[in-house]
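Open the model in your viewer and get ready to select a few residues as we go. Each stop tells you what to pick and what you will find there.

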Amino acid sequence: MSQVKANTSFLYIAALICLLAVSLFAFSKSSFFAVENIRFIGLDNVSEDEVSRLIGTVNGENLFLIDSETLAQKAELHPLIDSAVVEKELPSTLVFKIKERLPVALVLAEEGVIEVDRQGTLLRFHDTWPEKDCPVLTGIEVPETLGPGQRLNSPRLDKGLKLLEQAPTNLLSLFGEVNIAEDGQVYIYLTTGKKVLLGFGQDYKAKLELLNELLNSEEYKQIEKAYTYIDLKAGKPVLGL
């Protein structure tokens, strides 16, 4: 009898577990888990409406049935969004954690002013000067077929962006224009009106640190008005008329 009772108890527990599993499965598909709220984290330059249009309508869909990776990929179609991660918060909320692409330079092109990020991705085209000011890069050709969200493969742009990355932060505010000439030489036009000759090469960190020290020195400030350019091609500052 004890064996029969044991078998009966086992079947009872197994049936109860199956019933519970079916109930939980049915509950997970119920309207209790329908998406009602969408929260965005990390948006500064992109509006929530812009992202919502890309991801489409998800309100009312079951939270467990939503493909988070697909929604993230849709959000990343926006040229100003670098990456997106979608998380689910029970019972009815989707959370978009977004990392935006930030402009680090402006490129002057025939069609206007173009914002680019540090990877050389085209962000936005402007007919007039944008509100957010950045160092200006010139001497760079932008193909007409290239649009927002696409990367510009240009050795000149790469050189200009690397230079900006190597420059001391307080020096960047003095850069009016960085020109990458056709022969590869780099010229900086300061907001003070001075021209800086950096020469060839790719690593300008040491030269830029020298330039920063020079511009902040009391000796230079006393004679600044007497000179029109600073030659750093040889690695040592030379002032010229």
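Start by selecting K195 and Y187: K195 lies over the face of Y187, at 4.8 Å from the ring centre. A charge counts as over a ring when NZ of Lys or CZ of Arg is within 6 Å of the ring centre and within 35 degrees of the ring normal.

Residues are numbered from 1 along each chain as its sequence is written, and side-chain values use heavy atoms, without hydrogens and water.

Next, select F33 and F64. Their ring centres are 5.0 Å apart and their planes are at 70°, so this pair is edge-to-face. Rings of Phe, Tyr and Trp (its six-membered ring) pair if their centres lie within 6.5 Å; planes under 30 degrees apart are stacked, over 60 edge-to-face, and the rest tilted. Buried or exposed? F33 is buried, at 8% relative accessibility, while F64 is partly exposed, at 41%. Buried means under 20% relative accessible area, exposed over 50%, and partly exposed in between (1.4 Å probe, protein chains only).

Now pick F40 and F96. With centres 5.3 Å apart and planes at 35°, the pair is tilted. Both F40 and F96 are buried.

Finally, colour by pLDDT: the chain average is 88, but the value stays under 50 over residues 19-28. Where pLDDT is low, predicted coordinates should not be read in detail.

Conventions:
Predicted model: local features only at pLDDT ≥ 70, side-chain atom pairs only at ≥ 80, totals over all residues. pLDDT = per-residue confidence, 0-100. Contact = heavy atoms within 4.5 Å.
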